[in-house]
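Here is a friendly walk through some ring pairs and a helix packing. Have the model open as you read along.

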Amino acid sequence: MIRYEYIRSLESNARTYAETFKTVFESGSGFRIRDAGGREILDCLGCAGALPLGHNHPEVTREIVRFVQSGQLQQTLDLSTPAKYEFMQELVATLPGSWARDIKIQFCSPSGSDAVEAALKLVRFATQRQVIIAFHGAYHGMTAGSLAAMGSTIAKAGFISGVSGVHFAPFPHRFRCPFGSDGSDTDRLCLNYLRTILTDPESGITRPAGILVEAVQGEGGCIPASVQWLNGLAALAREHDVPLILDEVQTGFGRTGSMFAFEAAGISPDVVVLSKALGGGYPLAAILYKRRLDKWCRGMHAGTFRGNQIAMVAGKTTMRVIREEQLVARAEELGTLLASGLERLSATFDEIGDVRGRGLMIGVEVVVRNVDGSPGRPDGARAAKIKQAAFEEGLLLENGGRQGAVLRFLPPLNITTEDVVEVLARFERALVRTQRELKGLYVSEGRRAALL
Ligand SMILES: Cc1ncc(COP(=O)(O)O)c(C=O)c1O
């Protein structure tokens, strides 16, 4: 019998998901997984968005088995191989045509964090500048350079000092505008602020080497930037000759209802960072960038495991399946269905303050209501309870955002309408279960104020 407690007792205090989901996960197919007790769980955590086809997709498995038995090399530093050739061909075919004609690829060590590191080094070397602009709420990884570009002060405390070379600009947020507007003006205000940073000789910030951004912030609480804001951002970057780096680690490969989130805005980034779905759920990471930035020299971003051939086979197959089964359009369609179901629940459950996202990257912000009934502060404690209750109902969710109050849905792109209905039903039961549990214990801020 495999014991959860044995694993837990040996693993570090820094472990994350396993601390919330206290079971041993044994098997899975698509977005249905089973734990050691035989319980079926719907996986909307999806390896934090790394599984566009869910677990053990038959075609991916078949291709991997075929490859492993073929005698080809499986780990190769960055040597040239047939698997790499085929992977690169499929990747280039997946990119927007005009953009793909002008790019170079650097394979990185297999994590999004390392690819972000590579992107920062690339633009710093190419521009011979130091400063990076990142955004409030950003998540780019856990290595020193990528962590420096993260919004969360909790994750950085004690690790990153103020001399990291990263400056932060406000990210547009309709639900919680950083300028306190009602949200309708958030794009304009955020762009104005960034324009000031770039143009005011007294802004205190020297010309940046790059602007690093997620088109839809993931870990930061599922916050989509509008097409208008992304266009404004790209225009500002161009105007000031600052390379624009799109971190598509979580949004890439159909997740947001376009193959890459930047495509929806029709912009042409200078660098795109990819991982998670890039390797079809196997470890792989790369940056794609415009040729004019290719000024660095041999070995400037080396690493042993940059040639994971199994991940290349899985990634190539995953891209093909996404294309053949038109899963990008499906993500859009089923994302709309899931979001509207969650909106419906928000009419009944006051604790849902906002439903937002794009495609199958959807977040529900849990809030405390104000006296007047309007959404108040984020309620991370309640979100944690709902997440736990959802797990007990057989639904795995991710959370993120300020105070961890945003419950995030990242199911595979190939789920069905019936799957969405089942997810909604389980989530509703989790909301009810949490309300019952908190009844008597929990007094909303509004109610508390009314009682006083
Ligand atoms: C947008 C984004 N960038 C970078 C990363 C870091 O990737 P990894 O966890 O593979 O280092 C993540 C991880 O969630 C991410 O969401």
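## Helix packing and aromatic pairs

In this predicted model, helix α15 passes helix α16 in a right-handed crossing. The two helices pack at an angle of about 125°, with their axes 8 Å apart. Angles from 65 to 115 degrees count as roughly perpendicular and those over 145 as roughly antiparallel, so α15 and α16 are oblique to each other.

Which residues make the contact between α15 and α16? The table sets them out by helix.

| Helix | Residue range | Residues in the contact |
|---|---|---|
| α15 | residues 380-392 | R382, K385, I386, A389, A390 and E392 |
| α16 | residues 417-438 | F427, A430, L431, R433, T434, Q435, E437 and L438 |

Now for the rings. The count comes to 12 aromatic pairs. One of them joins F87 and F107: their ring centres are 6.0 Å apart and their planes lie at 50°, so this pair is tilted. It is a link between distant parts of the chain, since F87 belongs to helix α5 (residues 82-94) and F107 to strand β4 (residues 103-108), 20 residues apart. Are these two residues buried or exposed? Both F87 and F107 are buried.

Elsewhere, W99, F253, F260 and F262 form a cluster linked by ring pairs.

The charged end of R39 sits over the ring of F391, at 4.9 Å from the ring centre.

Notes. Residues are numbered from 1 along each chain as its sequence is written. This is a predicted model: local features need pLDDT of at least 70, side-chain atom pairs count only at pLDDT 80 or more; totals for chains, interfaces and linings use all residues. Side-chain values use heavy atoms; hydrogens and water are left out. Rings of Phe, Tyr and Trp (its six-membered ring) pair if their centres lie within 6.5 Å; planes under 30 degrees apart count as stacked, over 60 as edge-to-face and the rest as tilted. Helices (H or I, at least four residues) and strands (E, at least two) are DSSP runs, numbered from the N terminus. Buried means under 20% relative accessible area, exposed over 50%, partly exposed in between (1.4 Å probe, protein chains only). A charge sits over a ring if NZ of Lys or CZ of Arg is within 6 Å of the ring centre and within 35 degrees of the ring normal. Axes are lines fitted to C-alpha atoms, for helices over the stretch in contact, and angles run from 0 to 180 degrees between N-to-C directions. Angles under 35 degrees count as roughly parallel, over 145 as roughly antiparallel, 65 to 115 as roughly perpendicular and the rest as oblique. A crossing is left-handed if the near helix is turned anticlockwise from the far one by less than a right angle, and right-handed if clockwise. Contact means heavy atoms within 4.5 Å.
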